[in-house]
Amino acid sequence: MNPARRLVRADPEPGFEIDVDGEAVPVVPGQSLGAVLHAAGIRSWRTTRSGGRPRGLFCGIGVCFDCLVTVNGVPSLRACQIEARPGDRVTTGRPHPDGRPAADHASTEREAAGPAGPGRDRGAGGGRGDS
Ligand code: FES
């Protein structure tokens with residue numbers, strides 16, 4: 001058993017995988033999508049419109065909006081605020097390894113959505129406007 005889990009006597013449910021840009025990524029039940037991406041070694045997953053600077057987890061508490069992803073077709077969701085669920089399909093703004101442009105343009109969608117942004121029905125704290 002992982003020493004950290006033994007230390008806190010954690011006994012999580014069996015893990016699962018989600019789809020991130022077409023790749024299977026492992027999930028420990030209860031992880032946020034941001035934690036899943038970070039654990040998979042993905043440190044940035046979109047860029048700013050101005051300057052193309054990399055963005056990923058920054059505040060980790062839902063304040064900065066740097067961690068936007070598209071989940072199951074719903075754009076501009078904060079990865080740090082959404083729990084990963086079996087069957088989730090996450091699209092980021094990362095360019096494809098073969099050089100194709102990114103499938104998602106989270107920063108553009110975020111700005112188009114306005115300050116309240118789109119909602120997502122995932123329970124308490126799961127989406128914008130419900131926490
Ligand atoms: S990391 Fe700041 S809102 Fe998600």
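The largest nonpolar core of this predicted model has 18 residues, and Leu33, Val69 and Ala79 have the most contacts inside it. A nonpolar core here is a set of buried Ala, Val, Leu, Ile, Met, Phe, Trp, Tyr and Cys residues joined through C-beta atoms within 7 Å. Strand 1, helix 2 (33-39) and strand 5 (68-71) are the elements that give two or more residues to this core. A residue is called buried if 20 or more other C-beta atoms lie within 10 Å of its own, exposed if 12 or fewer, and partly exposed in between, with C-beta atoms placed from the backbone.

Residues are numbered from 1 along each chain as its sequence is written. Since the model is predicted, local features need pLDDT of at least 70 and side-chain atom pairs count only at pLDDT 80 or more, while totals for chains, interfaces and linings use all residues.

Leu33 lies in helix 2, and it counts as buried because 27 other C-beta atoms sit within 10 Å. Setting aside residues up to four places away in sequence, Leu33 touches Val69, Val71, Ala79, Ile82, Ala84 and Val90. A contact means that the C-beta atoms of two residues, placed from the backbone, lie within 7 Å. Leu33 and Glu83 are 50 residues apart along the chain, yet their C-alpha atoms are separated by 5.8 Å.

Now for the overall layout. The protein chain has three helices and seven strands, which run α-β-β-α-β-β-β-β-β-α from the N terminus on. Helices (H or I, at least four residues) and strands (E, at least two) are DSSP runs, numbered from the N terminus. Of the 131 residues in the protein chain, 31% are buried. Among contacts between residues at least 6 apart in sequence, 44% join residues at least 24 apart.

Five of the strands form an open sheet with mixed pairing, in the order 2-1-7-5-6. Strand 2 and strand 6 (74-78) are its edge strands, each pairing on one side only. From one strand to the next, the twist averages 40°, taken between axes that are lines fitted to C-alpha atoms, with angles running from 0 to 180 degrees between N-to-C directions. Strands of a sheet pair through backbone hydrogen bonds, either parallel or antiparallel. Two strands are said to pair if DSSP finds at least two bridges between them. Here are three of these pairings:

| Strands | Sense | Bridges |
|---|---|---|
| Strand 1 and strand 2 (23-27) | antiparallel | five |
| Strand 1 and strand 7 (89-91) | parallel | two |
| Strand 5 and strand 6 | antiparallel | three |

You can trace these pairings residue by residue. Phe16 stands opposite Val27 in strand 2. Toward strand 7, Val20 stands opposite Val90, and the bridge partner of Asp19 is Arg89. Elsewhere in the sheet, Val69 has Leu77 in strand 6 as its bridge partner. Strand 6 is mostly covered, with four of its five residues buried.

Most residues other than glycine have a negative phi, and most peptide bonds are trans. With that in mind, Phe65 has a positive phi of about 65° although it is not a glycine. Phe65 is found in the loop between strand 4 (54-55) and strand 5, and it is partly exposed because 17 other C-beta atoms lie within 10 Å. Ser76, which is not a glycine either, has a positive phi of about 60°. Ser76 lies in strand 6, and its 24 C-beta neighbours inside 10 Å are why it counts as buried.

Pro14 is found in the loop between helix 1 (3-8) and strand 1 (16-20). With 6 C-beta neighbours inside 10 Å, Pro14 counts as exposed. Pro14 and Val28 are 14 residues apart in sequence and 7.4 Å apart in space, C-alpha to C-alpha.

Finally, a word on confidence. The mean pLDDT of the protein chain is 80, and 72% of its residues reach 70 or more; pLDDT is the predictor's confidence in each residue, from 0 to 100. Over residues 104-131 the pLDDT is below 50, and this stretch has 56 contacts in the model beyond near neighbours in sequence.
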